[in-house]
Amino acid sequence: MSPSRTPRPPGRPGSRRPGRLGHAGPGGGTWSYIEAPTEYRGTTVQVCGLFPFGTGASTPMTGVPIGRHLYTGSAVCFDPISWYTRARLINNPSVWIEGEPGMGKSTAVRRMVLGLTAQGVTPLILGDLKPDYAALVRALGGQVLRVGPGLDRINPLDAGPWRNVLDRVDERTGAVVRAAVTDRRLNMLVALATLVRRGPVTSDETTVLSAALRYLAERETDDSQPVLSDVLAVIADAPADVRAVTLWQEEQDLHRFREETNGLRRTLLALLHGPLGDTFEGQTTTAIRLDTPAVCVDISGIDDTDELRTAATLLSTWSYGFAQVDAAHLMADLGLAPARTFFTVLDELWRALRVGHGLVDRADGLTRLNRQKGTGTAFITHSLADLEALPTAHDRAKARGFAERAAVLMIGPCSEQELDAVSRVRPLSHAERREVLSWSAPPSWTATEDSETVGRGNFLIKVGSRPGIPVHLEPTDTEKDLGNTDFRWTMT
């Protein structure tokens with residue numbers, strides 16, 4: 001009788017070990033495709049019983065939790081201020097965000113606003129066009145101003161917080177502050193006049209405006225500040241202090257002075273009695289306060305087709321808001337207030353820049369000086385091609401530098417042509433291009449009400465020549481409710 005044999009398990013002939021796909025043969029349990037297991041990331045306290053330890057993904061863990069890595073599922077943290085101040089990963093606190101409409105750009109920035117507010121940073125949305133951020137700022141206990149026809153009004157000549165600074169500084173610093181206020185008022189007035197006139201203000205007219213503003217500043221009281229009608233009245237009255245900057249200084253030359261300033265007075269009359277009058281003539285109704293968690297200036301009450309009012313309002317709100325920032329920094333430098341850090345959001349950048357002369361210059365100055373101003377910046381637009389739609393070659397040349405100077409690019413779903421343009425700003429590998437293009441794949445024709453749009457919430461975070469980080473943002477239900485831009489389409 002032959003010796004007994006141990007039964008051989010099913011599998012490859014002559015092998016006791018299962019193959020890569022399991023035991024072959026009937027009853028062996030072989031499987032045609034084995035999915036990769038889900039990977040998790042945890043601290044040594046949480047995973048101390050596991051060995052060998054898994055290798056963690058190299059994603060930054062400093063900043064606001066922005067989403068999860070598309071491949072490893074590990075958390076990805078990012079905001080331009082934390083990456084600049086704490087992680088030291090970038091050389092200036094700015095991010096350029098672009099992608100197709102409705103794919104999560106504003107949602108990603110709302111997440112940054114939410115996280116930075118918890119860190120003590122004050123977000124400033126100084127021109128919310130849709131609005132995208134007003135509900136979130138209200139929920140955070142911040143200040144929301146609604147500027148537009150029949151709503152809140154901002155006096156473009158308002159000195160804002162500088163009045164409080166003057167009461168707490170020495171005479172020399174006070175002289176510097178007064179000169180800065182006059183310069184800010186002059187720049188604002190010239191910009192508004194250029195918008196109304198649809199053309200430049202001459203150097204002689206600028207000189208007269210400057211003299212009129214100085215004349216008003218010397219007679220300014222604590223109870224009120226000059227308004228547009230005051231400037232017109234001073235130029236019309238032609239006091240000697242204003243005529244002193246012109247060739248018509250003698251009393252007999254008064255009629256020549258008035259002839260020379262006819263065009264300027266007509267422009268100021270158009271400002272006062274034209275479509276902008278009810279928004280800009282008079283004292284500021286509600287002042288911006290920086291002692292709140294966040295500030296949002298909602299200008300969605302302005303009609304989309306009213307480009308003149310939109311441009312003028314953006315100029316005024318940006319000027320007024322940045323004056324608050326400058327004053328807060330001066331107070332901190334003098335030891336009169338704690339140091340503050342700000343996060344400015346320039347959403348729908350393409351629409352803001354193309355409607356007004358002066359907005360490109362102001363945004364350009366912000367991108368160059370945000371480190372010195374203690375201000376992080378998020379620029380949000382649909383495409384780099386939006387910058388080519390600006391009215392003048394001068395504006396287009398300056399606007400191209402925004403994306404180039406931004407330390408971080410967050411690229412959402414976009415076309416191959418757009419990736420060609422992005423590659424001229426920041427080099428993209430073939431794998432990165434393929435990844436971003438896959439997010440623009442069309443959805444199924446059988447999509448249901450609960451189906452998620454392909455690529456929505458996906459972004460490639462690109463810093464210099466480093467490999468991009470593909471991340472997916474999953475907003476909470478509360479974030480969705482506070483940022484629902486499709487609320488008018490909600491079915492009841």
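A residue is called buried when its relative accessible area is under 20%, exposed when over 50%, and partly exposed in between (1.4 Å probe, protein chains only). The model shown is predicted, so local features need pLDDT of at least 70 and side-chain atom pairs count only at pLDDT 80 or more, while totals for chains, interfaces and linings use all residues. Residues are numbered from 1 along each chain as its sequence is written, and side-chain values use heavy atoms, with hydrogens and water left out.

**Figure 1. Two cysteines.** Cys 296 is buried, with a relative accessible area of 0%. Cys 77 also counts as buried, at 7% relative accessibility. A disulfide is a covalent bond between the sulfur atoms of two cysteines. Here a disulfide is taken as a pair of cysteine sulfur atoms within 2.5 Å, and by this rule the count is zero.

**Figure 2. Helix α2.** Helices (H or I, at least four residues) and strands (E, at least two) are DSSP runs, numbered from the N terminus. Helix α2 covers residues 105-118. Gly 120, which follows α2, has a positive phi near 95 degrees.

**Figure 3. Strand β7 and its partners.** Two strands pair if DSSP finds at least two bridges between them. Strand β4 (residues 122-128) runs parallel to β7 and is joined to it by three bridges; Thr 122 has Phe 342 as its bridge partner in β7. Five bridges join β7 to strand β8 (residues 375-381), and these two strands also run parallel. The partner of Val 345 in β8 is Ala 378. In a regular strand the side chains alternate between the two faces of the sheet. In β7, Phe 342, Thr 344 and Leu 346 point one way, Phe 343 and Val 345 point the other way, and all are buried.

**Figure 4. The largest cavity.** On a 1 Å grid over the protein atoms alone, a cavity is a set of points where a 1.4 Å probe fits but cannot get out; lining residues have an atom within 4 Å of a point. The structure holds four cavities of 30 Å³ or more, and the largest has a volume of about 80 Å³, a volume being the space filled by probe spheres set on the points. Among the residues lining the largest cavity are Asp 158, Arg 184, Met 188 and Tyr 320. Helix α12 gives the most to this lining, with four residues.

Terms used
1 Å grid on protein atoms, 1.4 Å probe; cavity = no way out; pocket = protein on both sides within 12 Å on 5 of 7 lines; lining within 4 Å. Expected span 1.5 Å × (residues − 1).
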